Amino acid sequence: MLGEGVVTSEGAAWRRKRALVQPVVRPRQVRAYADTMTDCASALAGTWQPGQHIDVRREMLGLTQRIAVRTLFGTDTAGREDTIGPAMDTAQAAIGAEFRGLTLFLPPWVPTPGRQRLKKAVAVIDSEVNRVTEERHRSGVERDDLLSRLLAARDEQGDRLTDKEIRDEAVTLYIGGHETTGTTLTWAWYLLSRNPEARRRLADELTAVLDGRTPGFDDFKELRWTEQIIRETLRLYPPVWLMTVIAKDESTLGGRPVAAGTVLWASQWSAQRDERWFPEPDAFRPERWDEDAPPAPDHAWFPFGGGARACLGARFATVEAVLVLATLAQRFHLDLPAHEIPPKTGLTLQPGAPVRATLRSA
């Protein structure tokens, strides 16, 4: 599904692709997409009514899907999410099922029903991305979306990304800007509903900073409590909950020798709920991230990975989550039932039960 994009490449190929993709998601570029983020969030809020019952996960994933399509392919592609979105959902569901089931241990060539669904979904994704890429090649018009920036990128030798490389990076950016951020927002609403004091402080901050207007990129740095809610949500429910790391040098772990080059599993879920780094680790406490609070050690909190291969889209995702939450929370409270919702592991850490809420005017 990801092909040979910046997430899956290694060595010289990874260094080249990272250098080409990194400028696409620098803070200056993220600023250009802030209005799209809040426009989409405002449009969603316009469809909500007090007293309405909603599926929070479906609403948040639909919203981040629209944002991902429009920032990636341009604002003139409204409606294209109806093609790409279902294919992405099918592909990610198939991969998640593979991780959880016995098919993980079958050879790649065994054509299970899930793998057949994945293959068909990837074909739809490839067709759509290729179609948009060809349109851009033909038009020659310079645009401000992520795809156009990828098409214009040059490496040190002056070479462009090939169409296959464009496809791989576009899909990587789409997934990074859709599923993970939508899931984070779902968990944020769940946690806010269970913590009225944190929700009250959020309302106070939104009134003080925004006073009823739609937030913009320049408000991001002022929305400190809002960002702390997102950071604490990412600590408790990291969408990427398990990842591989490679030992760069010979080391010792838990008293056992680890040779250089050994592949290890690192779990954000475990490290970020360790009481050595976070007192009362299961409690939702956004104040952990106050400027005067004791900082956690490096890599005790790593929802975006770390080191040279840290997620390139971390800034994009954080700005998006903060601005979307601020836009919606100004207008609505989401009241959820009091029962606990367990997480479900797959490609990302999803709610293990429907997240349903009743809308109430803020």
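Which helix is phenylalanine 99 found in? Phenylalanine 99 is found in helix H4, residues 81–100. Before going on, a word on the model: it is predicted, local features need pLDDT of at least 70, side-chain atom pairs count only at pLDDT 80 or more, and totals for chains, interfaces and linings use all residues. Residues are numbered from 1 along each chain as its sequence is written, and side-chain values use heavy atoms, with hydrogens and water left out. When I say helix or strand, I mean DSSP runs numbered from the N terminus: helices are H or I with at least four residues, strands are E with at least two.

Back to phenylalanine 99. Its relative accessible area is 44%, so it is partly exposed. The cut-offs are these: buried is under 20% relative accessible area, exposed is over 50%, and partly exposed is in between, with a 1.4 Å probe and protein chains only. Phe99 belongs to a nonpolar surface patch with Leu102, Leu104, Phe105 and Leu347, and together they have about 560 Å² of accessible area. Such areas come from the Shrake-Rupley method with a 1.4 Å probe, and for residues only the protein chains shown count as cover. A patch takes residues with over 30% relative accessible area and no salt bridge, joining like charges within 9 Å and nonpolar side chains (Val, Leu, Ile, Met, Phe, Trp, Tyr) within 5 Å.

Helix H7 covers residues 163–177, and its 15 residues reach 21 Å from the first C-alpha to the last, close to the 21 Å expected at 1.5 Å a residue. The expected span is 1.5 Å times one less than the number of residues. Among the buried ones are Glu165, Arg167, Asp168 and Glu169, along with Ile166, Val171 and Leu173.

Helix H9, residues 196–209, has 14 residues that should span 20 Å at 1.5 Å a residue, and its end C-alpha atoms are 20 Å apart, which agrees. Which residues of H9 are buried? They are Ala198, Arg199, Leu202, Glu205 and Leu206. These cover an arc of only 120 degrees around the axis, which puts them on the same side of H9. The arc is taken from the directions from the helix axis to the C-beta atoms. Pro196, Thr207 and Ala208 are exposed on the other side. The cover over the buried residues includes helices H8 (179–193), H10 (224–236) and H12 (314–329), and strand S6 (332–335). Contact here means heavy atoms within 4.5 Å. Just after H9, aspartate 211 has a positive phi of about 50 degrees.

Now salt bridges, meaning a side-chain nitrogen of Lys or Arg within 4 Å of a carboxyl oxygen of Asp or Glu. By this rule there are 22. One of them joins arginine 16 and aspartate 155, at 2.9 Å from N to O. This pair links distant parts of the chain, 139 residues apart: arginine 16 is in helix H1 (residues 11–21), and aspartate 155 is in the loop between helix H6 (146–152) and H7. Arginine 16 is partly exposed at 25% relative accessibility, while aspartate 155 is buried at 12%.

Glutamate 197 pairs with arginine 200, with the closest N and O atoms 2.5 Å apart. They are 3 residues apart, about one turn of the helix. Glutamate 197 is partly exposed at 46%, and arginine 200 is partly exposed at 41%. In helix H5 (residues 113–139), arginine 131 and glutamate 135 are 4 residues apart, about one turn of the helix, and their side chains meet at 3.1 Å, N to O. There is also a network of salt bridges linking Asp126, Lys164, Arg167 and Asp168.

Valine 30 lies in helix H2, residues 27–45, and is buried with a relative accessible area of 0%. Not counting residues up to four places away in sequence, valine 30 touches Val25, Phe217, Arg315, Phe316 and Val319. Leucine 242 lies in the loop between H10 and strand S2 (243–246) and is partly exposed at 31% relative accessibility. Leaving aside neighbours within four places in sequence, leucine 242 contacts Trp265, Ala266, Ser267 and Gln268. Leucine 242 and glutamate 222 are 20 residues apart in sequence and 32 Å apart in space, C-alpha to C-alpha.
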